[in-house]
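Please look over the sequence and the structure below.

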Amino acid sequence: MTAAIPTDADLIQAHAAGDPHAFSELVRRHRDRMWAVALRTVRDPEEAADALQDAFISAFRAAGNFRAESQVTTWLHRIVVNACLDRIRRRQARPTVPMPESGEFNEPAAPGDSMSERETKLIIKEALDTLPEDQRAPIVLVDVEGYSVADTAKLLGIAEGTVKSRCARGRAKLAKVLGHLRNPNADANVPTHESKREGR
């Protein structure tokens, strides 16, 4: 008979008890998702990698204090988001560096509208960068990662009402910047009365 696969909580307990392999398995399970959260929060691959490393070091050291009141993934997400916010605060104290326009996500080149798609992604990234960090983190978690308001509140350690208000303010700002992306070809695609007459 094969042994039962340990849960995340089992791995945390094993790590705290001195198992040298338990935490590595935990990282293997959740690294990709945590990387996605970090990248979308700090908007820079190098900063995201550093933040993720900081987060896993913090989690490694704090695992003994983990309480089973929340899921391990929620606990990890909170640590990753906090590490990202720390990086953002530090970056704001330094001169900004131009963001690379290509290769950031190692995506293969796509035919046709690949250039316009890249431009759209860059516009969205730059729009997110204009948000204050207290608004960007909830927006990323709720609108990009798909977390509920309640889960986002737990991750960020703030009230649900605060999450809702920050998301609302952030969305209002993004709507002004990104409104033209909703239907960029509206004028070209929607026939006018004159074009209808000419077609008939």
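Predicted model: local features only at pLDDT ≥ 70, side-chain atom pairs only at ≥ 80, totals over all residues.

Residues are numbered from 1 along each chain as its sequence is written, and side-chain values use heavy atoms, with hydrogens and water left out.

**Helix pairs**

Two packed helices are described by the angle between their axes and the distance between the axes. Helices here are DSSP runs (H or I, at least four residues), numbered from the N terminus. Axes are lines fitted to C-alpha atoms over the stretch in contact, and angles run from 0 to 180 degrees between N-to-C directions.

| Pair | Angle | Axis distance |
|---|---|---|
| α2 (residues 22-42) and α6 (residues 133-144) | about 135° | 9 Å |
| α6 and α7 (residues 149-156) | roughly 140° | within 10 Å |

The angle makes α2 oblique to α6. Oblique is what remains after roughly parallel (under 35 degrees), roughly antiparallel (over 145) and roughly perpendicular (65 to 115). α2 passes α6 in a right-handed crossing (the near helix is turned clockwise from the far one by less than a right angle). Val-37, Arg-40 and Thr-41 of α2 meet Arg-136, Val-140, Leu-141 and Val-144 of α6; contact means heavy atoms within 4.5 Å. By class, this contact has 4 nonpolar, 1 polar and 2 charged residues. Nonpolar covers Ala, Val, Leu, Ile, Met, Phe, Trp, Tyr, Cys and Pro; charged covers Asp, Glu, Lys and Arg; the others, Gly among them, are polar.

α6 and α7 are also oblique to each other. α6 passes α7 in a right-handed crossing. Ala-137, Pro-138, Leu-141 and Val-142 of α6 contact Thr-152, Leu-155 and Leu-156 of α7. The residues divide into 6 nonpolar, 1 polar and no charged.

**Two buried residues**

Glu-145 lies in the loop between α6 and α7. Glu-145 counts as buried, at 10% relative accessibility (buried means under 20% relative accessible area, with a 1.4 Å probe and protein chains only). Leaving aside residues up to four places away in sequence, Glu-145 touches Arg-33, Ala-36, Val-37, Arg-40 and Val-140. Glu-145 and Val-37 are 108 residues apart in sequence, yet 7.4 Å apart in space, C-alpha to C-alpha.

Arg-87 is found in helix α4 (residues 72-92). Arg-87 is buried, at 16% relative accessibility.

Terms used: Buried < 20%, exposed > 50% of the residue type's maximum accessible area, 1.4 Å probe, protein only.
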